[in-house]
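Take a first look at the fold and its charged pairs. Have the structure open beside you as you read.

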Amino acid sequence: MKLKYFLSAFAVSAMSVYANDEVAATAVAEASETIEITTPADEEFGFSDLSNAETLMAGKPADGHRLEEWTAAQKPTVKFGGYIIGKYAWDSRSFDEAASQQDGMNLRLVRLYVDGYVFRDFKYRLQLEVNGTPHVKDATLEWVHWKQFSVKAGQFKRAFTFEDPYNPFDVGVGDYSQLTKKLSGFSDRIGGEASNNGGRDLGIQVQGDVLPIGKDKHPFIHYQVGMFNGQGINTWDKNKQKDFMGTIQFRPVKDLYIGVFGWTGNFTSNGITADRNRIDFGVKYESDWTFRAEYARNWGYKISDYASAGVIKAASAELGKEADAFYATVGIPCAKWLKAYVKYDLYRDYASTDYMNSIYSAALNFKFTKNLYFQAQYNFVDGKTLDNHNKYSQVWAEMYVRF
């Protein structure tokens with residue numbers, strides 16, 4: 001009896017081992033045929049954190065970079081998207097008082113984009129503006145193997161100011177500050193630069209996050225250093241010199257950034273080259289509550305200040321080549337679907353109170369989903385030049401849709 005039971009047990013064990021070997025062999029065969037390549041979760045369009053969190057790839061090839069993994073990794077990924085911003089504006093001035101007045105309904109922005117990976121550590125992005133005169137906004141290729149050091153080349157946002165990289169959904173109020181528009185290459189004070197640049201230029205940039213701290217191991221330092229043409233989007237450089245700019249930012253806690261930005265370069269228009277030397281100091285806190293504040297200063301004449309190449313007009317020389325700007329924005333969470341913003345926005349041409357424009361803003365953001373916003377805003381504008389002091393009100397209503 002004992003021998004019989006022993007032989008039976010041996011037979012069952014042998015069958016089990018054989019079956020397990022078949023399962024294991026099948027699993028190995030399947031694993032050799034299917035290589036799973038992981039990529040980061042889709043980020044929301046326009047993620048505004050300057051850190052490499054928006055570009056760092058989650059997965060890495062196994063040690064040795066087996067041929068099968070490299071082959072699978074070469075398959076490009078593609079993600080399409082876009083957004084639409086419609087606007088209604090009312091202005092208390094008459095049309096005779098301001099030729100540049102915006103009043104009535106307008107299709108402010110319609111943009112389409114595609115991004116993804118073309119080879120495991122290489123991320124690409126293409127963004128087009130299709131309303132008005134269609135043109136390319138962003139066109140980049142970025143090597144993102146390390147979060148401590150990545151390289152981006154192409155056409156993209158300049159590494160100057162906290163607010164410039166924000167997409168319109170995240171600014172909180174209906175427009176960028178005067179600091180951003182006048183001193184980071186939107187409708188830049190220098191004059192002659194295309195107003196549709198949106199703070200962009202052609203160049204190459206390195207950036208990274210280093211020194212993890214705290215329980216969450218967030219990076220304490222973020223840096224960016226770039227070299228650009230200085231002429232804005234979709235154009236060749238017009239002189240042999242290049243613009244250099246960069247930022248270093250400190251994060252004592254996860255959601256708080258304290259940073260300094262620098263920019264030295266020039267811009268050429270109609271044979272006249274004007275210098276752009278600028279510095280910016282800022283702080284931002286982004287969580288349920290929002291706080292952003294920046295101060296920037298410019299040293300450099302406008303193109304219109306030159307009588308000819310290298311010759312400054314006497315009146316312009318008397319006014320000087322400086323300008324400065326400051327803004328502070330506070331976002332107050334009222335409900336899951338509602339956030340209120342207040343903002344003070346100051347720009348001083350020639351760094352003088354005789355040429356000062358102040359904007360006081362209050363806005364309500366109604367967020368129905370992450371892809372559908374409505375915004376209502378009131379602005380009081382106090383504009384002052386040497387011979388004129390103009391005060392007026394604006395009411396804006398905007399619709400944000402993204403897909």
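What follows is a quick tour of a nonpolar core and some salt bridges.

Keep in mind that this is a predicted model. Start with the greasy part: the largest nonpolar core is made of nine residues, namely Phe-156, Ala-159, Phe-160, Phe-162, Phe-228, Met-245, Tyr-257, Phe-261 and Trp-263. Strand S9 (residues 256–269) supplies three of them, the most of any contributor. In soluble globular proteins, nonpolar side chains tend to be buried together.

Now zoom in on Phe-228. If you skip its neighbours within four places in sequence, Phe-228 touches several residues, including Phe-156 and Met-245.

On to the charges: the whole structure holds 23 salt bridges. Here are some of them.

| Salt bridge | N to O distance |
|---|---|
| Lys-343 and Glu-163 | 3.3 Å |
| Arg-276 and Asp-188 | 3.4 Å |
| Asp-237 and Lys-242 | 3.0 Å |

Which parts does the pair of Lys-343 and Glu-163 tie together? Lys-343 sits in strand S15 (residues 338–348) and Glu-163 in the loop between strand S5 (150–157) and helix H3 (168–171), so the pair joins parts 180 residues apart in sequence. Lys-343 is buried at 6% relative accessible area, and Glu-163 is buried at 0%.

As for the last pair in the table, Asp-237 counts as buried at 19% relative accessibility, while Lys-242 is partly exposed at 31%.

Note on methods: Residues are numbered from 1 along each chain as its sequence is written. This is a predicted model: local features need pLDDT of at least 70, side-chain atom pairs count only at pLDDT 80 or more; totals for chains, interfaces and linings use all residues. Side-chain values use heavy atoms; hydrogens and water are left out. A nonpolar core is a set of buried Ala, Val, Leu, Ile, Met, Phe, Trp, Tyr and Cys residues joined through side-chain atoms within 4.5 Å. Buried means under 20% relative accessible area, exposed over 50%, partly exposed in between (1.4 Å probe, protein chains only). Helices (H or I, at least four residues) and strands (E, at least two) are DSSP runs, numbered from the N terminus. Contact means heavy atoms within 4.5 Å. A salt bridge is a side-chain nitrogen of Lys or Arg within 4 Å of a carboxyl oxygen of Asp or Glu.
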